There are 2 protein chains.
Amino acid sequence: MNYVGVDIGGTNIRAGVVNEGGDILAMDSISTLRDRCCEAIVKDLVDLVCRVVKSADMEFDDLEYIGVGLPGSINRKEGILIFANNFGFRDVPLARLIQEHINLPVYLQNDANCAALAESVAGAAKDVSSSITITLGTGIGGGIVLGGEIYSGFNDVAGELGHMVIVSGGETCSCGRKGCWEAYASATALIRQTKRAALKNPDSLLNLTFGGEGNDRDAGKVFEAEAEGCDVAARVVKNYIHYLAEGITDLINIFSPELLVVGGGISQQGENLLSRLRPVVEAGIYYKGRPHTEIVKARLGGEAGIVGAAMIGA
Amino acid sequence: MNYVGVDIGGTNIRAGVVNEGGDILAMDSISTLRDRCCEAIVKDLVDLVCRVVKSADMEFDDLEYIGVGLPGSINRKEGILIFANNFGFRDVPLARLIQEHINLPVYLQNDANCAALAESVAGAAKDVSSSITITLGTGIGGGIVLGGEIYSGFNDVAGELGHMVIVSGGETCSCGRKGCWEAYASATALIRQTKRAALKNPDSLLNLTFGGEGNDRDAGKVFEAEAEGCDVAARVVKNYIHYLAEGITDLINIFSPELLVVGGGISQQGENLLSRLRPVVEAGIYYKGRPHTEIVKARLGGEAGIVGAAMIGA
């Protein structure tokens, strides 16, 4: 069995032909140019899919369906994109629009769920049936895989793991609540914490050498400053790990998945982060006497979106 | 099909014969006398079950299995009670001990999970396939029912919903973490909040008429004082609802169950509590445009433990 996976992002649309083991047989991408009308984007998406299928040396008859992952809420049954913040789209019958050009079933899914499914099929969680994948990026994306399938609730919108409050009344989150996990443990949050610390400690190595205060993009800088011996950076990292652990511990107390997979830019720190995270989580989990959740780094990179989207109907 | 359900509590052990619709055909109870050795308790439990089966006019051959709900962690597959805080028991092969006397399969489950399953089979969540039941008592018990079955993770200990942190670094919880939901929204927490407010406002109606400061047991008193027009009590209730809503909103963002069922003593407030809780939750949920979780009062009372235990193998 082979499938098409399409990953719609704010910057690029990527598509691939993927086999049932999660291997990408062919892939390609285009710019999203997201300020365009929806029909123009769909037309380019269809052209991209045609090109990728051709480059895999296949016909549409060789494929089961097209899976589409996107950053927003969906109505799975009706194939409708309900709302995508980055695009301003509302109630777009995306599956139907694509099917007007290509005669294959089209399934939609949220992109964080696709990333989790990809890790489950072909990545870090390949050998277990229950896993939670969190992606530490602009926000915290979350996907829950139970019995090998995405759990998305009766209304397709479960798994908003970044939007559990860990500091009631705390930092205002992009969702409007105060104190969400995402506002303390996303890459954006770490950058904010780093800038505040640099501003408060202008003579610190963090500020002077690593441009902490002026750093708007790279959440990794604070780890570099820490490695160079900067105490201010070390405190920022320690504090960040505390908040990251709060949410992960909550998820383990709630779900007890076999694996908790950490992805996103910050996960590139690998064991430098995870080896310090695990004992903090360990100290907080409720049942200490049972075999418990392992915390590991995501294995798939940017291709997770394509692979996960390709698997959503399998 | 008929089953035996046994609900082991710190004070009483209750047993019943239950049919597949969740109706109790016969029931009885004994004192737990929990300071005794485990074998003595099991002997009384076995006698209780024999008596109940007889009073239902049945033989053991008419029954499928015995389900046992208990306040602790279990190993379901091996029928072992791993740890029960109230009893100090560790690693008790409870299923085997019962089977030495009665020739029926014996299944174990955590009591909060049994309460959730009971609501799902015969209570408020009878008509839906996904529900979460929380019990606001000494702590916050939680049970997750997905596709009609208890979700308890790969290690049988998932569903510790009371032990998600909502106030990082806040009140110390019985589990050792700081800021768990249970430490802010259980009945125990409400009593603590009431006492503090009464102490701070000695001339308040709450303190003078309702004995707020000296009230160690009845979380309902603060609602009575509020109904009489006490501002101090109204503030305590408002604050409590805020914390209760934080956790419920988190659970809806994470699970999107069809129903969220609120049980335990405080749920006796019914719409007086729920009608004020719903708009606070509504304001915090992430996806507002989708059909979402209804919040309702638990329908079963003390018998939920028996019914749920009876259903765990069905």
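The charged end of Arg90(A) sits over the ring of Phe83(A), a term that requires NZ of Lys or CZ of Arg within 6 Å of the ring centre and within 35 degrees of the ring normal.

| Charged end | Ring | Distance from ring centre |
|---|---|---|
| Arg90(A) | Phe83(A) | 4.1 Å |
| Arg90(B) | Phe83(B) | 4.1 Å |

This is a predicted model, in which local features need pLDDT of at least 70 and side-chain atom pairs count only at pLDDT 80 or more, while totals for chains, interfaces and linings use all residues. Residues are numbered from 1 along each chain as its sequence is written, chains are lettered from A and ligands numbered from 1 in the order in which they are written, and side-chain values use heavy atoms, with hydrogens and water left out.

Over all chains, the structure holds 13 aromatic pairs, where rings of Phe, Tyr and Trp (its six-membered ring) pair if their centres lie within 6.5 Å, with planes under 30 degrees apart counted as stacked, over 60 as edge-to-face and the rest as tilted. Tyr184(B) and Tyr243(B) form a tilted pair, 4.7 Å centre to centre with 50° between the planes. Tyr184(B) belongs to helix 4 (residues 182-185) of chain B and Tyr243(B) to helix 8 (residues 231-255) of chain B, so the pair ties together parts that are 59 residues apart in sequence; helices here are DSSP runs of H or I with at least four residues, numbered from the N terminus. Tyr184(B) is buried at a relative accessible area of 8%, and Tyr243(B) is buried at 16%, buried meaning under 20% relative accessible area (1.4 Å probe, protein chains only). Ring pairs also link Tyr151(A), Phe255(A), Tyr151(B) and Phe255(B) into a cluster.

Technical notes:
Helices (H or I, at least four residues) and strands (E, at least two) are DSSP runs, numbered from the N terminus. Buried means under 20% relative accessible area, exposed over 50%, partly exposed in between (1.4 Å probe, protein chains only).
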